Amino acid sequence: MAEAHQAVAFQFTVTPDGIDLKLSHQALTQIYLSGLRSWKKRFIRLKNSVITGVYPASPSSWLFVVIAILATMYTRSDPSMGLIAKIQEHLPVSESLSAQCQTVVSAVVFSTLLWLSLILTMRLCLKQLLSYHGWMFEQHGKLSSTTKAWMALVRIFSGRQPLLYSYQGSLPNLPVPKVKDTIHRFLDSVRPLTDAHQFERMSTLAREFESGMGKRLQWYLKLKSLWAANYVSDWWEEYIYLRGRGPIMVNSNYYGMDFLYVTPTPIQAARAGNTIHACLLYRRKLNREELKPSRIPGSFIPLCAAQCERMFNTSRIPGEETDTVQHWQDSEFVAVFHRGRYFRLWVYQAGRLLSPRELEHQVQRILDDPAAPAPGEERLGALTAGDRVPWAEARKTYFSSGPNKRSLDCIEKAAFFVTLDDEEQGMMGDDSGASLDRYAKSLLHGKCYDRWFDKSFSFVVYKNGKNGLNAEHSWADAPTVAHLWEYVLATDSFQLGYNTEGHCKGEVDPSLPRPQKLTWEFSPELQQQVGRSLAVAQALADDIDFHVFSFRDFGKGRIKKCRISPDAFIQLTLQLAYYRERGMFCLTYEASMTRLFREGRTETVRSCSNESCAFVCALEEGEEREECRRLLRAASERHQNLYRLAMTGGGIDRHLFCLYVVSKYLGLDSPFLKEVLSEPWRLSTSQTAVQQGELFDMVNHPEFISCGGGFGPVADDGYGVSYSLVGENMINFHISCKHSCPSTDAHEFGAQVRKALVDLLDLMYTEPTRTSTRTSTRTSRNYQHNPPAVKKDQ
């Protein structure tokens with residue numbers, strides 16, 4: 001352990017002859033190498049800051065400009081039009097330099113100013129170019145001449161070999177939509193969910209808000225947008241995530257799964273060793289900004305990378321009124337939990353990253369450690385799973401000093417958290433479906449005390465070698481974590497690998513210090529608080545119903561042949577499935593990113609539209625196939641347009657949310673905003689896209705695919721649905737709901753999704769590909785939507 005090496009690095013003894021000083025050469029060498037690693041990181045960070053700061057130019061371009069200016073001066077021409085002479089007159093060291101030196105220095109100063117001006121001009125031009133989003137609304141494969149010219153200019157002004165954060169200064173700010181446009185889109189989105197009387201009432205509230213309070217609130221938002229990099233993100237993080245006082249387990253955190261069909265090794269310690277090493281390789285690339293900037297799939301349009309900054313060495317800190325996200329610059333250890341004990345595992349030895357085999361050896365030491373947990377230690381993690389206020393009070397009272405504070409600091413400052421689970425999970429046994437459901441629930445909440453839900457992310461490695469990930473939501477959204485997870489899975493299996501016995505490759509340094517078991521002091525009062533938090537968390541976990549399945553009849557390959565967006569196809573599938581199960585439509589949330597803008601996070605696509613409802617009703621009422629196809633295409637186009645609007649800053653919900661925040665700051669009460677933000681999202685959906693397809697060979701090795709990830713339901717009487725289109729022939733679904741709601745059932749809804757997928761594909765072919773499984777529920781169920789009203793709106 002580092003502390004141990006530092007303690008024995010020098011010893012001194014007071015004797016009658018004086019002080020006898022003894023130095024440990026080995027310990028001092030390790031301290032030197034560890035410090036050298038730290039200074040290397042600082043140098044790399046400084047170098048990258050310079051490169052990113054002058055992007056899209058390069059530091060070497062400064063030398064080119066200086067040489068060009070000096071060369072023109074030697075031809076007796078003045079490219080500065082007298083500015084070099086003006087600079088020479090005001091040089092503070094002009095008296096101590098010769099006339100020729102003064103001229104050279106003045107030319108260098110002018111060249112530097114010219115170079116910086118060119119950089120600023122290029123950056124402003126690139127920012128203006130990236131503010132254009134008309135390309136997104138054009139028909140696929142038919143680009144206008146304007147868009148073609150725009151693409152050429154973006155390539156010119158983008159420079160070469162950008163680092164991860166190179167585009168940050170050139171990304172445009174998120175625009176504030178007009179109140180009139182947001183109101184119009186909102187009313188259009190709720191039209192299929194309300195009857196005539198309800199819609200008229202909402203329209204009246206909206207008009208009153210638009211003509212009155214909305215103008216004043218909008219002025220404050222525009223002022224903020226001019227001052228802040230993003231007018232939404234800081235309030236979204238604070239009020240949606242950090243100020244939530246309920247449990248973040250299930251309600252906020254989400255998970256990612258391992259490979260569906262393959263477990264690279266059945267040895268738990270070996271899988272943990274490769275996983276930890278791969279993750280630290282990713283951190284090294286992240287710190288050096290060697291990761292390629294994220295882009296829109298299939299294009300060169302950059303996305304904001306700000307969320308990557310707090311990926312590692314980060315923890316959510318509980319507070320009585322609001323939590324905070326604490327990030328540390330570096331950490332040389334990870335926190336490990338196993339059978340109720342917490343350990344600090346050092347991942348560097350004398351500045352060197354431990355090899356996968358060495359990490360396996362260290363993890364095996366933890367697995368073999370016979371020490372029992374201290375009284376109360378086993379269930380300590382339940383504090384992070386329960387309500388936030390009791391956790392904040394307990395942290396302040398029991399973890400502010402002594403061994404509890406030192407041990408808690410080790411967990412919170414760790415690079416990330418690792419749980420060595422003593423259960424076996426994955427697709428196992430005769431009932432593979434039930435095993436996947438258990439796997440999902442384990443990753444989402446575990447035993448409610450064997451995860452540290454406040455860490456930015458935690459790895460879970462099971463007894464049979466299966467692994468997974470649980471992530472805290474406030475610091476970043478799922479695509480950022482998914483990018484890390486894809487890298488870890490691919491590096492683990494295809495680069496690091498295992499030997500024939502299933503162990504990690506490499507050798508072990510026998511001098512490695514043992515992992516340090518953390519120590520705690522638990523009073524009876526603290527143990528009681530842990531028990532209360534566990535009871536809250538356990539009740540929440542027991543209420544969660546999960547269903548995970550892979551749909552293999554077809555995938556996005558067949559869907560694209562129908563000339564329909566795969567995402568729109570699945571969203572319409574979910575609308576049809578929900579209508580068949582519940583006999584009604586509901587407010588539907590689909591997450592869309594706004595990372596085309598600086599510090600962008602997400603926006604809501606309200607997938608339940610007039611067009612989607614019209615299609616579902618026509619299909620269920622047995623309309624002609626051609627009419628249903630026409631309505632399906634119209635609904636798909638409408639969904640795509642809504643998605644594009646959300647991505648380009650024309651969404652509804654973030655604008656209304658920020659207007660509501662401003663109204664609260666001003667002490668104003670808006671019946672319209674209050675009602676809008678109180679509406680439940682009974683169908684919350686999100687797509688998990690594969691971002692690094694080049695890491696996986698889905699043609700030759702289709703078994704190496706992840707099942708994606710999922711999250712808990714947003715509404716007590718609703719569903720949480722995550723889906724991923726893997727390759728060309730598979731769609732994975734993760735469906736969650738609550739047992740306590742009698743009208744929801746994850747497995748029943750999953751069955752309806754399967755039926756709806758088949759029916760929609762059958763509809764798009766001239767002849768049905770199989771017997772239709774559609775069943776009409778219009779006459780047997782009570783529902784809110786009025787089909788004739790929808791048709792009239794069309």
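Contact here means heavy atoms within 4.5 Å. The model is predicted, so that local features are taken at pLDDT of at least 70 and side-chain atom pairs at pLDDT 80 or more, while totals for chains, interfaces and linings use all residues. Residues are numbered from 1 along each chain as its sequence is written, and side-chain values use heavy atoms, with hydrogens and water left out.

View A. Leaving aside residues up to four places away in sequence, Ile276 touches Leu345, Val347, Leu359, Val363, Phe416 and Val418. A nonpolar core is a set of buried Ala, Val, Leu, Ile, Met, Phe, Trp, Tyr and Cys residues joined through side-chain atoms within 4.5 Å, where buried means under 20% relative accessible area, exposed over 50% and partly exposed in between (1.4 Å probe, protein chains only). The largest such core has 56 residues, of which Ile276, Phe312, Phe416, Leu420 and Phe457 touch the most other members. Among the elements that give two or more residues to this core are helix 11 (268-287), strand 10 (417-420) and helix 16 (478-496); helices (H or I, at least four residues) and strands (E, at least two) are DSSP runs, numbered from the N terminus. Helix 11 provides the largest share, 9 residues.

**View B. Two aromatic pairs.** Rings of Phe, Tyr and Trp (its six-membered ring) pair if their centres lie within 6.5 Å, with planes under 30 degrees apart counted as stacked, over 60 as edge-to-face and the rest as tilted. The structure holds 42 aromatic pairs. The ring centres of Phe416 and Phe457 are 5.4 Å apart and their planes meet at 20°, so this pair is stacked. Because Phe416 lies in the loop between helix 14 (402-413) and strand 10, and Phe457 in strand 11, the pair ties together parts that are 41 residues apart in sequence. Both Phe416 and Phe457 are buried. Tyr439 and Tyr462 form an edge-to-face pair, at 6.0 Å centre to centre and 75° between the planes.

**View C. The loop residue Ser474.** Ser474, in the loop between strand 12 and helix 16, is buried, with a relative accessible area of 0%. Its side chain is joined to that of Glu472 by a polar contact of 2.7 Å, a polar contact being a pair of N or O atoms within 3.5 Å, of which, within protein, one must be able to donate a hydrogen and the other to accept it, and residues adjacent in sequence count only if both atoms are side-chain atoms. The C-alpha atoms of Ser474 and Trp236 are separated by 9.0 Å, although these residues are 238 residues apart along the chain.
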